Amino acid sequence: MSVILYSLLVLATGVERLVELVISKRHAAAAFARGGVEHGQRHFPWMVLLHTGLLVACVAEVVLLDRPFIGALGWPMLVIALLCQAGRYWVIASLGEQWNTRVIVVPGATRVTRGPYRFAWLRHPNYWIVAIEGIALPLVHTAWVTALVFTVLNTVLLLGFRIPVENRALAALRTAS
C-alpha cells in the first residue's frame, strides 16, 4: 500500500511540474513580447531530463529494489518535501511574471527583492529548494540511490552551468530603488 501512496505522491509532483511548465510558458511569452533575451538554452534540456528522471527513478527504485517505507525517515522527509512545494510557490509568487524555468531577462527589468529574494545572504533560493526536495522526495520511501545520484548530477548542473549563466544574465538587471 505504501508503494501505491508513494507513487501517487510522485505522480502528483509530476502533475505539479506540468502546471509549472504552463505558467513558465505563459511568462516566457510575455517576456519575449517585452524584448526578453534567453540565456543558457544548451543546458536546459539536461535540466528537463534530470528532473523528469528524478520522478521516474523515485518510483523505479522503490519498486525494483523493494525499498521499504521507514516511518522514522519517511514522515519527516514527506514534511520536508511538502514544505519544498510551499517554498516553490513562494518563489513563483515572489518573482511573478519574472519566474520561469528558463533564464529570460527583459531589458530594463529590475531585480526582485521580495519574498525569499529580500535576503541578501540567500542566493538562488529556488535552487536550494530544488536541492532539498531532490533529497527529501526519494527518501520518503528510502530511495537513497536516487537521492544521491540526483544530488550529484543536480550539483554539477547547477554549479557548472545554470547558476553561472543566471548570474551573468541577472547582472544586466537594474536594482530596485
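Predicted model: local features only at pLDDT ≥ 70, side-chain atom pairs only at ≥ 80, totals over all residues.
Q: OK. At what angle do helix 2 and helix 4 pack?
A: The angle between helix 2 (residues 44–64) and helix 4 is about 15°, and their axes are 10 Å apart. Helix 2 and helix 4 are therefore roughly parallel to each other.

Q: Which residues make that contact?
A: On helix 2 they are His51, Leu54, Leu55 and Cys58. Helix 4 contributes Val130, Gly134, Leu137 and Pro138.

Q: And is the crossing left-handed or right-handed?
A: The crossing of helix 2 and helix 4 is left-handed.

Q: Moving on, where is Thr142?
A: Thr142 sits in the loop that runs between helix 4 (125–139) and helix 5 (144–170).

Q: Buried or exposed?
A: Thr142 counts as buried because its relative accessibility is 8%, and the cut-off for buried is under 20%.

Q: What does Thr142 touch, leaving out residues up to four places away in sequence?
A: Thr142 touches Glu61, Arg67, Pro68, Ile70 and Leu73. With Pro68 there is also a polar pair: a polar atom of the Thr142 side chain lies 2.6 Å from the backbone oxygen of Pro68.

Q: What about the phi of Thr142?
A: Its phi is near 55°, which is positive, and Thr142 is not a glycine. Most residues other than glycine have a negative phi.

Q: Is Asp66 buried or exposed?
A: Asp66 has a relative accessible area of 65%, so Asp66 is exposed.

Q: Last topic, helix 1. How far apart are its end C-alpha atoms?
A: They are 46 Å apart. Helix 1 (residues 2–33) has 32 residues, and at 1.5 Å a residue it should span 46 Å, so the two values agree.

Q: Which residue with a positive phi follows helix 1?
A: Gly35 follows helix 1, and the phi of Gly35 is near 90°.

Methods
Residues numbered from 1 in each chain as written. Heavy atoms only, no water. Helix = DSSP H or I, 4+ residues; strand = E, 2+ residues; numbered from the N terminus. Buried < 20%, exposed > 50% of the residue type's maximum accessible area, 1.4 Å probe, protein only. Polar contact = N/O pair within 3.5 Å; in protein donor to acceptor, adjacent residues only side chain to side chain. Contact = heavy atoms within 4.5 Å. Expected span 1.5 Å × (residues − 1). Axes fitted to C-alpha atoms, helices over the stretch in contact; angles between N-to-C directions. Parallel < 35°, antiparallel > 145°, perpendicular 65-115°, else oblique. Left-handed = near helix turned anticlockwise from the far one by under 90°.
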